[in-house]
Amino acid sequence: MAPLATVGVLSIGEMGMGISKLLIAHNYRVVTNIEGRSEDTHARAKQSKIETLSSDIAVVKAADYILSIVPPRDAVPVAHRITTAFKSLSSAKDLYYLDLNAISPRRAREIAAHFAATAPEIKFVDGGIIGPAPTPKSSAPGQDWSNPDIPVSGRFNLADAPISGAHLSETLNLNHISPEIGPASGLKCCFASTSKGFTALCIQAFTTASNLGVLPLLRDNLERRMPGIWKRAEGGVTGMPPKAYRWVREMEEIALTHTDDGGFEGGKDGEGVFGEIAKVYRSVAEDSVLGEEKTERRKRGLTIEDVAQAMGEGLRNKRKKAE
């Protein structure tokens, strides 16, 4: 059976791999360019049966849609790569570009303006991913999937795209929420404010309690007075280490969101409350062994207690070096 459409996915991290697997399971051809990327990225692409192409130009030529799913710091460079590749084509083509990165509405508007100025033929869609990567609910053929929510916004509604747009929109669980650029990425930032902001507070609280020798007592008090909070924290804290480096810039983008679109002070340059939260994740990534964790090869930080211990050790070593 011929594929319904060709979707370029940049790049193949945990989320990109999950979305690629979802698309392949629903008869989409998925292509990517991972030249110069890590062995882990190449292994993910091979495992997921993603077709690897030699260049961005090859991806743009092949794709009907491109999904940008990269660390926030790479959102702008990847957009520039795609417009450069598009301009090198001998003739223009119909192409949708979905920016699904954890960036602020300001950044999304900047990228949209870049597309409008340099490659106006590309239809830009603002988006964000809320929830974990897609996973099949069972191993049976034709199984249902557990999918994240993907709000999108902007002039172009993917459901109206001529090449399997409605089917692709449904498969990805897209929800077109506004004709403006910004609401979709802003919704993602507001959600992450609560989820990843909460995780950062827990990292600090649990590390300090561990250093004081009272972490078991903290757990007891939380479970008695705030039922369910420990379990809620556990998933976020233990799943965080391989992603901490990505979340540094995401928190800075959230700070911009609350200043630009919320009217709060202190986040103009990625500072304020979420600038400080960014420092928590930078400390995880740079000051502790947790920063060495890979999703495929987890060793440390599999329990709250070990996250707290690793962070305590890392911060003590950092302080000693500074003395």
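Where is the place of Ser11? The legends below start there.

**View 1. The cis peptide bond at Ser11.** Ser11 sits in the loop between strand E1 (6-10) and helix H1 (14-25). Helices (H or I, at least four residues) and strands (E, at least two) are DSSP runs, numbered from the N terminus. The bond that links Leu10 to Ser11 is cis, and its omega is near 0 degrees. Keep in mind that this is a predicted model, where local features need pLDDT of at least 70. Residues are numbered from 1 along each chain as its sequence is written.

**View 2. Asn27, a non-glycine residue with positive phi.** Asn27 counts as partly exposed because its relative accessibility is 23%; buried means under 20% relative accessible area, exposed over 50%, and partly exposed in between (1.4 Å probe, protein chains only).

**View 3. Ser164, with a positive phi of its own.** Here phi is near 55 degrees, in a residue other than glycine. Ser164 belongs to the loop between strand E9 (150-153) and helix H6 (165-172). With a relative accessibility of 23%, Ser164 is partly exposed.

View 4. The protein chain holds 12 helices and 10 strands. Of its 323 residues, 49% are buried. Its C-alpha trace spans about 65 × 50 × 40 Å along the principal axes. Contacts (heavy atoms within 4.5 Å) also tell a story: among those between residues at least 6 apart in sequence, 70% join residues at least 24 apart.

Note on methods. Predicted model: local features only at pLDDT ≥ 70, side-chain atom pairs only at ≥ 80, totals over all residues. Heavy atoms only, no water.
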